[in-house]
Amino acid sequence: MFRIKKYDKVVLFFFAAIVIGFSLIWLFEERFDRDEWITNPRTRYKMADHIVSSDTLIGKTKEEVIFILGSPDADNLIEVDHVSYDIGKAPSFFKSGERQLVVFFESNLAFEVAVVSSED
């Protein structure tokens, strides 16, 4: 008869917890939806992480980014070629400021996308 050792049970438990955790994150992560992004600016924070992690905008021209995300909000970075979009305020127990999705360009191609917070 096969017996599982105590150490193997602990390793198996943590492995299962990690697999379940990543599966739930993937399942409930909000995917980018252009129509939702444009029509509901206050809930863009739900899609921002997907835009950053998927590299959806990397390598696109500024015109392509504006076509995908719509007209940018006010540009607030000086001497940096970028566009920024307000993504709203995610629900939090801690006081946090508004957040923006910022797309940085070099030679008219997006090379970095980041979520930036502005503290109250």
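The model is predicted: local features need pLDDT of at least 70, side-chain atom pairs count only at pLDDT 80 or more, and totals for chains, interfaces and linings use all residues. Residues are numbered from 1 along each chain as its sequence is written, and side-chain values use heavy atoms, with hydrogens and water left out.

Start with the fold. The protein has four helices and three strands. Their order along the sequence is α-α-α-α-β-β-β. Helices (H or I, at least four residues) and strands (E, at least two) are DSSP runs, numbered from the N terminus. Contact means heavy atoms within 4.5 Å. Among contacts between residues at least 6 apart in sequence, 42% join residues at least 24 apart.

Next, the surface totals. Accessible areas come from the Shrake-Rupley method with a 1.4 Å probe; for residues, only the protein chains shown count as cover. The protein's accessible surface is about 8,800 Å², and 62% of that belongs to carbon and sulfur atoms. Of the 120 residues, 24% count as buried. Buried means under 20% relative accessible area, exposed over 50%, and partly exposed in between (1.4 Å probe, protein chains only).

Now look inside. A nonpolar core is a set of buried Ala, Val, Leu, Ile, Met, Phe, Trp, Tyr and Cys residues joined through side-chain atoms within 4.5 Å. The largest one has 17 residues, and Trp37, Ile51, Leu57, Val65, Leu69, Leu101 and Val103 touch the most other members. At least two core residues come from each of α3 (45-54), α4 (62-69), β1 (82-88), β2 (99-106) and β3 (109-117). Helix α3 gives the largest share, four residues. Take Leu69 as a case. Leaving aside residues up to four places away in sequence, Leu69 touches Phe32, Trp37, Ile38, Ile51, Leu57, Tyr85, Leu101 and Val103.

Then turn to charge. Side chains of opposite charge can pair when their charged atoms come close. A salt bridge is a side-chain nitrogen of Lys or Arg within 4 Å of a carboxyl oxygen of Asp or Glu. The whole structure holds one salt bridge. Lys62 pairs with Asp81, and their closest N and O atoms are 2.5 Å apart. Lys62 lies in helix α4 and Asp81 in the loop between α4 and β1, so the pair ties together parts that are 19 residues apart in sequence. Lys62 is partly exposed at 21% relative accessible area. Asp81 is also partly exposed, at 33%.

Finish on helix α1 (residues 6-28), where Val10 sits. Val10 is partly exposed, with a relative accessible area of 41%. Val10, Phe13 and Phe14 form a nonpolar surface patch with about 320 Å² of accessible area together. Patches are made of residues with over 30% relative accessible area and no salt bridge: like charges are joined within 9 Å, nonpolar side chains (Val, Leu, Ile, Met, Phe, Trp, Tyr) within 5 Å.
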